[in-house]
Amino acid sequence: MGAPPPAYQGAALEVDRSFYRRLAAEPGRVRVDAFEIPIRSGRAWRVPKGHLCRLSTVEGPQVGDLNLWHADDPRERFWAARTRQLQRAHVSTFDRLWSTLPFLRPLATITADTLEHHGVDGDGGRVHDLLGTRCDPYVNRLLTGEDFDFHCHSNLVRAVAPFGLTEFDVHDVLNVFQCTGLTEDDRYFMKACPARPGDHFEFFAEADLLCALSTCPGGDLSVPLWGPDARDPIDVCHPIGVEVFAPRADLLEGWSPPARAAYRGLHGVRLPEWADLPDRTGRRGEPAG
């Protein structure tokens with residue numbers, strides 16, 4: 001008996017791979033922005049629709065926690081759980097990063113991933129994780145009794161503040177470069193990041209995006225963050241490079257930003273009509289005089 005089929009299937013989940021391959025391979029792209037995010041910090045930046053964004057481990061292995069919002073309406077944001085169902089629990093080339101309801105459309109499509117060859121390791125670990133979420137000071141206080149202000153949640157909170165967003169806008173993340181899996185008794189585990197200097201993860205902006213990334217204070221996660229062997233892993237922390245590219249205009253011919261979800265129902269709720277409402281005289285369908 002074979003494995004059960006994926007729960008979610010359909011033409012809407014298919015992508016034009018040749019289109020995204022051309023974007024990834026194009027030598028004539030123009031770099032329009034570039035910077036590095038230092039260790040244990042965060043930064044937010046915009047990526048215009050139709051542009052490419054590359055995240056790179058410039059000096060060595062480093063995990064990054066990524067958030068995405070629609071730049072024009074931050075109520076629309078990356079939905080990690082639904083992306084995990086529609087795509088997979090660890091994403092790679094040609095997977096899409098989907099947005100929340102009621103929008104439900106791809107915010108970005110992954111165009112390049114130098115770690116896609118990693119596959120599944122001997123422990124069942126895979127890279128670019130959607131199983132877990134960001135580290136945060138609340139759990140740290142719960143587990144250690146100590147405060148620490150440079151967890152990924154806090155880094156993201158500080159990063160988005162200049163854009164008018166708050167802690168309530170920070171959401172579940174894509175853990176870029178992070179290697180994770182589930183144990184035999186279905187518990188979450190994290191392993192050392194397998195990235196090397198120069199590895200990268202690249203995505204195409206299907207909409208105008210506000211992006212935010214935290215360089216995890218756990219660095220490459222080779223050092224336990226909690227438990228008897230935990231220590232400060234600052235020696236395994238590295239920056240992450242960010243580049244934004246504009247592709248040649250002719251490569252985008254025929255492409256258009258995905259429309260929001262077609263469902264326009266009221267979830268079974270029926271709006272009242274004037275004819276159904278009594279006026280002040282008790283009559284129906286006629287305005288009160």
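**Briefing: salt bridges, a pocket and local backbone features**

The side chains of aspartate 147 and arginine 141 form a salt bridge, with N and O 3.0 Å apart. The model is a predicted one. Its protein chain has four helices and 13 strands, and 48% of its 289 residues count as buried. Along the principal axes, the C-alpha atoms fill a box of roughly 80 × 55 × 55 Å.

**Salt bridges**

- The count of salt bridges comes to 17.
- In the pair of aspartate 147 and arginine 141, the aspartate is exposed, because its relative accessible area of 59% is over 50%. Arginine 141, at 43% relative accessibility, counts as partly exposed.
- Glutamate 26 pairs with arginine 248, and their closest N and O atoms are 3.9 Å apart. This pair links distant parts of the chain, 222 residues apart: glutamate 26 is in the loop between α1 (17-25) and β1 (30-37), and arginine 248 is in the segment after β13 (240-246).
- Glutamate 26 counts as buried at 6% relative accessibility, while arginine 248 counts as partly exposed at 37%.
- Glu26 and Arg248 also belong to a network of salt bridges that includes Asp250.
- Aspartate 232 and arginine 40 meet through their side chains in a salt bridge of 2.5 Å, N to O.

- Helix α3 spans residues 137-144 and contains leucine 142.
- After α3 comes glycine 145, with a positive phi near 75°.
- Leucine 142 counts as exposed, because its relative accessibility of 69% is over the 50% limit.
- Together with Val139 and Leu143, Leu142 forms a nonpolar surface patch, and the three residues have about 300 Å² of accessible area together.

**The largest pocket**

- The volume of the largest pocket is about 410 Å³.
- Its lining consists of 20 residues, and those nearest the centre are Cys135, Tyr188, Met190, Leu225 and Trp226.
- At least two lining residues come from each of α3, β9 (174-182) and β10 (188-191). The largest share, three residues, is supplied by β10.

- Phenylalanine 177 has a positive phi, near 70°, although the residue is not glycine. Phenylalanine 177 is part of strand β9 and is buried, with a relative accessible area of 0%.
- Aspartate 186 likewise has a positive phi near 70° in a residue other than glycine. Its place is the loop between β9 and β10, and aspartate 186 is exposed, with a relative accessible area of 58%.

**Loops and a cis peptide bond**

- The peptide bond between leucine 101 and proline 102 is cis, with omega about 5°. Proline 102 sits in the loop between β6 (96-98) and β7 (106-113).
- Threonine 57 belongs to the loop between β3 (52-56) and β4 (64-70). Threonine 57 counts as buried, because its relative accessibility of 0% is under 20%.
- A polar atom of the threonine 57 side chain lies 2.8 Å from the backbone oxygen of arginine 196.
- Glycine 198 is in the loop between β10 and β11 (200-205). With a relative accessible area of 49%, glycine 198 is partly exposed.
- Glycine 198 and glycine 60 are 138 residues apart along the chain, and their C-alpha atoms are separated by 7.9 Å.

Conventions: Residues are numbered from 1 along each chain as its sequence is written. Side-chain values use heavy atoms; hydrogens and water are left out. Patches are made of residues with over 30% relative accessible area and no salt bridge: like charges are joined within 9 Å, nonpolar side chains (Val, Leu, Ile, Met, Phe, Trp, Tyr) within 5 Å. Accessible areas come from the Shrake-Rupley method with a 1.4 Å probe; for residues, only the protein chains shown count as cover. A salt bridge is a side-chain nitrogen of Lys or Arg within 4 Å of a carboxyl oxygen of Asp or Glu. Buried means under 20% relative accessible area, exposed over 50%, partly exposed in between (1.4 Å probe, protein chains only). On a 1 Å grid over the protein atoms alone, a cavity is a set of points where a 1.4 Å probe fits but cannot get out, and a pocket is an open set with protein on both sides within 12 Å along at least five of seven lines; lining residues have an atom within 4 Å of a point. Grid points are joined across faces, edges and corners, and a volume is the space filled by probe spheres set on the points. A polar contact is a pair of N or O atoms within 3.5 Å; within protein, one must be able to donate a hydrogen and the other to accept it, and residues adjacent in sequence count only if both atoms are side-chain atoms.
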